[in-house]
Amino acid sequence: MSSTISDNSRRKIRIWSVAIWILLWHGVSVYVGKEVLVASPISVVVRLFTLVKEREFWKSVVFSVWRISIGLFSAIFIGVILAGLAARFKVIEELLAPLITIVTTTPVASITILMLIWVSSRNLSVVISFMMVLPVVYTNVLLGIKSTNQKLLEMADVFEIPAFRKIRYIYVSQIMPFFQSACLVGLGLCFKAGIAAEVIGIPKGSIGERLYMAKIYLATPDLFAWTLTIILISIIYEKVFMLLLRFLVFKIGSM
Amino acid sequence: MDINLINICKSYDENVVIDNLSCMIPHGAVTCIMGASGSGKTTLIHILAGIEKADSGNISGIDGLKKSIVFQDDRLCEGLSAVGNIRLVADKSFKTSDIYDELSALGFQKESARQLVSNMSGGERRRVALLRALMANYDILFLDEPFKGLDSETKELVMLYTKERVKGKTVLLVTHDEMEWETMGENLIVM
């Protein structure tokens, strides 16, 4: 989980390649000939346009996105604090190491089912997205703190730069690339895991419930349409989040 | 108050860098330290700045002094502009316009003063590092080869500027250059 992936190194998606994959999907759908097995792209888009006109659609989107966001932001906040403490106090790093390893390696399904014993299904996605993002943020930020240029810290000590300024102008700028990578990885993870948790917990009015119902009633175009919705939300959310983060970095850096 | 160093020793593993050094750094004057490479000049500055500890010996008169320094490597915050780097440590009495004025005196255009130091040339970075140290609130200033990497014309300008700014201050200047010692120095320690 300590991987640091810069935004620039991410895969570039070309329109032509998307078009080819949609054509292939359409071809498979036509070949199979049964919408219940493979819904065609056209019927999925038609169904999506029908869904977006429904009030319930937006309620489900808000329900899930809100809860996943709470989990995400809590994980970022607590992850950064824990990383700071772990960097300062070795004992905290050692104390957290087994916990982080367990959370990182345990399957999402196991954690979800276990959490269902303690947490209501309505708030399950909050806990699951929190647990998925926390180790990523913690590990990356801790790595960032440890990689902070010691020579700059020596400089800060000689000039007696106050702690707040030291954090803002030395630590933050050094940690930010690690933090951005953590957010990028965490964003993808929290939507995947959060919706998966909803499918298992089936909280009423969530995207997960709508996915589950689509599967129960063999409404494959609905299933595909909701999946497409999750992908689109995830992409838009990531773009907006990273844009805001870059703006924040710029504001911090510009004195 | 003068700073007195008595029997300072420092070694890294088996390598003795400073061996029983005793000297005095007078208050309110520029003291040059000269010596061959590896003679422990930078180590001495680091010990006085509190970055490193001497293995043995005694230093008096330095406790409680506010320190400022130009490192051999610039040690600038790459994500900040020249102004940002200087403002990070500058005495609160300086306004941003003062920083621009001082940068201008060192040959900076306003636009280049605004750009990130990571985009600057070695000479520009050196001048930013020097000005940062000069604009800090300090009682003693350590200059470790501060004019290294400057072309001769700029070097002369920067040296005269520095000499003017450090008048009456306690300064320790590490140099290999006799011209720097002749221009700036009032006392000399040879290592």
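In the predicted model, the contact between the two chains draws on 20 residues from chain B and 13 residues from chain A. Together, chain B and chain A bury about 1500 Å², of which 67% lies on carbon and sulfur atoms. Within chain B, the residues that lose the most area to chain A are B:Arg75, B:Arg87 and B:Leu88, which together account for 35% of what that side buries.

Across this interface the rule finds 2 salt bridges; one joins A:Glu154 to B:Arg75, with the closest N and O atoms 2.7 Å apart. The number of residue pairs in polar contact between chain B and chain A is 5, with both residues at pLDDT 80 or more. On the side of chain B that touches chain A, at least two residues each are supplied by strand 5 (67-70), helix 2 (82-89) and helix 5 (122-135) of chain B, and the largest share, 4 residues, comes from helix 2 of chain B. By class, this side of chain B comprises 11 nonpolar, 3 polar and 6 charged residues.

Chain B also contains an open sheet of 3 strands in the order 2-1-4, with antiparallel pairing. Its edge strands, each of which pairs on one side only, are strand 2 (15-25) and strand 4 (56-60) of chain B, and the twist averages 20° from one strand to the next. Strand 1 (residues 3-12) of chain B is joined to the antiparallel strand 2 of chain B by 7 bridges, and B:Ile8 stands opposite B:Leu21 in strand 2 of chain B. Helix 1 (residues 41-49) of chain B lies across strand 1, strand 2 and strand 4 of chain B, and runs at about 120° to strand 1 of chain B.

Methods:
Residues numbered from 1 in each chain as written. Chains lettered and ligands numbered in written order. Predicted model: local features only at pLDDT ≥ 70, side-chain atom pairs only at ≥ 80, totals over all residues. Heavy atoms only, no water. Contact = heavy atoms within 4.5 Å. Buried area = accessible area lost by both parts, 1.4 Å probe. Salt bridge = Lys/Arg side-chain N within 4 Å of Asp/Glu carboxyl O. Polar contact = N/O pair within 3.5 Å; in protein donor to acceptor, adjacent residues only side chain to side chain. Nonpolar A, V, L, I, M, F, W, Y, C, P; charged D, E, K, R; others polar. Pairing = 2+ DSSP bridges. Axes fitted to C-alpha atoms, helices over the stretch in contact; angles between N-to-C directions.
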